[in-house]
Amino acid sequence: MNCKQTLSVAGEAPNIASPEFWCQKQEWVKTMRLRFSRRPEFPDTHGIVDDEGMLNQEYFQPPKDALPQTERKWGDEEKRKLLEGIEKYGIGHFREISDNLLPDWSGNDLRMKTIRVIGRQNLQLYKDWKGDSEAVQREYERNKDIGLQHGTWKGGALVYDDDGHVLKAIEASNRVNPP
């Protein structure tokens with residue numbers, strides 16, 4: 001089959017069930033790959049496709065001298081170090097915690113772990129807050145109680161509601177017993 005033949009008349013919808021349509025589409029894809037991957041101003045990308053426009057799978061493989069990534073596991077030791085970092089640097093200082101205590105974990109990874117540890121999706125009200133593991137546990141319990149009262153305890157974290165009831169409950173709880 002000659003894939004370069006015209007398959008549809010102008011204004012006529014293509015028949016996507018026909019093998020000819022897919023053959024023509026494949027030819028178009030190859031042409032676009034060649035056009036955008038073999039540009040003179042970007043010689044490093046010339047190896048992405050071969051002369052016919054087919055992907056060069058070897059191009060996308062990691063370099064032979066690349067180190068394999070070690071699998072990270074979050075366990076009790078990592079949680080202990082995160083709690084140590086919260087006590088020393090405060091919530092919101094995840095880059096410092098990463099740099100000094102948990103270098104295998106990014107600041108964003110640690111922010112996500114803190115959401116689970118403290119039990120609140122939005123950490124803004126905790127900005128710069130420092131507390132030991134007992135204080136963090138108390139905050140977790142407080143957030144869980146508020147979430148269960150308002151039906152906003154989702155995936156192990158308190159989430160805000162659209163009506164502002166959760167924020168009011170947090171503020172009231174903080175007035176009675178500040179974090």
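Predicted model: local features only at pLDDT ≥ 70, side-chain atom pairs only at ≥ 80, totals over all residues.
Biologist: Which pattern does the chain follow, read along the sequence?

Modeller: The chain has six helices and two strands. Along the sequence, they fall into the pattern α-α-α-α-α-β-β-α.

Biologist: What is the radius of gyration of the chain, and is the chain compact or spread out?

Modeller: For 179 residues the globule rule gives 16 Å. The chain is well over that, so it is more spread out than a compact globule. Its C-alpha atoms fill a box of roughly 80 × 45 × 30 Å along the principal axes. The radius of gyration is 28 Å.

Biologist: How much of the chain counts as buried?

Modeller: Buried means under 20% relative accessible area. The chain exposes about 12500 Å², with 51% of it supplied by carbon and sulfur atoms. Of the 179 residues, the share that counts as buried is 28%.

Biologist: What share of the contacts with a separation of 6 or more comes from residues 24 or more positions apart?

Modeller: Contact here means heavy atoms within 4.5 Å. Among the chain's contacts with a separation of 6 or more, residues 24 or more positions apart account for 40%.

Biologist: How do the axes of H2 and H4 cross?

Modeller: H2 covers residues 76-89 and H4 covers residues 107-118. Their axes come within 11 Å and cross at roughly 90°. Angles of 65 to 115 degrees count as roughly perpendicular. That makes the orientation of H2 to H4 roughly perpendicular.

Biologist: Which residues make that contact, and how do they divide into nonpolar, polar and charged?

Modeller: H2 brings Lys79, Leu82, Leu83 and Ile86. H4 brings Leu110, Lys113, Thr114 and Val117. The residues of the contact divide into five nonpolar, one polar and two charged.

Biologist: Is Ser98 buried or exposed?

Modeller: Ser98 lies in helix H3, residues 94-100. Leaving out residues up to four places away in sequence, Ser98 touches Pro103, Trp105, Ser106, Gly107 and Leu110. Leu110 is also one of the H4 residues in the contact with H2. The relative accessible area of Ser98 is 3%, under the 20% cut-off, so Ser98 is buried.

Biologist: Where is Glu84 found, and what is its relative accessible area?

Modeller: Glu84 is found in helix H2. Glu84 is partly exposed, at 33%.

Biologist: What distance separates the C-alpha atoms of Glu84 and Ile97?

Modeller: Glu84 sits in H2. Ile97 is 13 residues apart from Glu84 along the chain. Their C-alpha atoms are separated by 8.6 Å.

Technical notes:
Residues numbered from 1 in each chain as written. Heavy atoms only, no water. Axes fitted to C-alpha atoms, helices over the stretch in contact; angles between N-to-C directions. Helix = DSSP H or I, 4+ residues; strand = E, 2+ residues; numbered from the N terminus. Parallel < 35°, antiparallel > 145°, perpendicular 65-115°, else oblique. Nonpolar A, V, L, I, M, F, W, Y, C, P; charged D, E, K, R; others polar. Buried < 20%, exposed > 50% of the residue type's maximum accessible area, 1.4 Å probe, protein only. Rg over C-alpha atoms; globule rule 2.2 N^0.38 Å. Areas by Shrake-Rupley, 256 points an atom, 1.4 Å probe, with all protein chains shown as cover.
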